[in-house]
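Welcome, and please open the structure in your viewer. We will take a short walk through it, one selection at a time.

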Amino acid sequence: MAQLEPLVAFLFTLCLIVPLISSKSIDVEYCDENADYAVKVSGVEISPYPVSRGKKTTFSVAAYADKVISGGKLKIDVSYFGFHVHNENHDLCKETSCPVSVGEFVLSHTLKLPGITPPGSYTFRMSMEDENKKQLTCITFEFSIGFGAQQAFSDI
C-alpha cells in the first residue's frame, strides 16, 4: 500500500495542474476607454492554453449586454509585434445565440493558426457592431506563442 501513495499523490497533482495548462483567463482593454459601449466585456478565456500553431484555439468572451441585440457583425484583427497579419468578419449570430438578451452572455470564436505561424507576441482586437453598424464594443488583449509550440503544418 505504501508504494501506491506516491502514485496517488502524483495523479492528484496532475489533476490540479492540467486544468491550469488547458485554458487561461485573459484581461482585456477597451479600444477607447472613454467610450460608453453597450456591451461590457469582463474577460476572455483562451483554450487550449498555451496557444499552439496549427491547432484550433477558442477565444471565449464573457460579456454583458445593456440592450437586446438582434444581429450584427463581429470583426477580428490579429497583429504580430504591431504588424497586421490576419482579419476576419463574421455574422454575430453565428458566434453567439441571437437575439442576445439584456444580461450576461458568452461569445466564442475559434481560430486555427497556420503551422508556419512564428512564435512571439500577438494582439487580438475584436469589435462588435449591431445591425445598424453602431459599435457595441471593441476590446484588445495580448497572447503569445512560444518557441516550443507545435510546428505541424496545416491548412488554414
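A salt bridge here is a side-chain nitrogen of Lys or Arg within 4 Å of a carboxyl oxygen of Asp or Glu. Keep in mind along the way that this is a predicted model. How many salt bridges does a search of the whole structure find? There are 4, and we will visit some of them.

**Stop 1**

Select Asp36, Lys40 and Asp66, which are linked in a network of salt bridges. Begin with the side chains of aspartate 36 and lysine 40, which meet at 3.5 Å, N to O. Aspartate 36 counts as exposed because its relative accessible area is 70%, over the 50% that the term requires. Lysine 40, at 30% relative accessibility, is partly exposed.

Now turn to the other salt bridge of lysine 40, the one with aspartate 66, where the N to O distance is 3.3 Å. Aspartate 66 sits in the loop between β4 and β5 (72–80), while lysine 40 belongs to strand β3, so this pair ties together parts that are 26 residues apart in sequence. Aspartate 66 is partly exposed, with 42% relative accessibility.

**Stop 1: a link between two strands**

Next, select lysine 75 and glutamate 129, whose side chains form a salt bridge of 3.6 Å, N to O. Which strands does this pair link? Lysine 75 is in strand β5 and glutamate 129 in strand β8 (residues 120–130), distant parts of the chain that are 54 residues apart. Are these two residues buried or exposed? Lysine 75 is partly exposed at 34% relative accessible area, whereas glutamate 129 is buried at 15%.

**Stop 2**

With a relative accessibility of 66%, glutamate 33 is exposed.

**Stop 3: a buried threonine**

Finish with threonine 57, in strand β4 (residues 56–65). Threonine 57 has a relative accessible area of 2%, so this residue counts as buried; the term applies under 20%.

How values were computed
Residues are numbered from 1 along each chain as its sequence is written. This is a predicted model: local features need pLDDT of at least 70, side-chain atom pairs count only at pLDDT 80 or more; totals for chains, interfaces and linings use all residues. Side-chain values use heavy atoms; hydrogens and water are left out. Buried means under 20% relative accessible area, exposed over 50%, partly exposed in between (1.4 Å probe, protein chains only). Helices (H or I, at least four residues) and strands (E, at least two) are DSSP runs, numbered from the N terminus.
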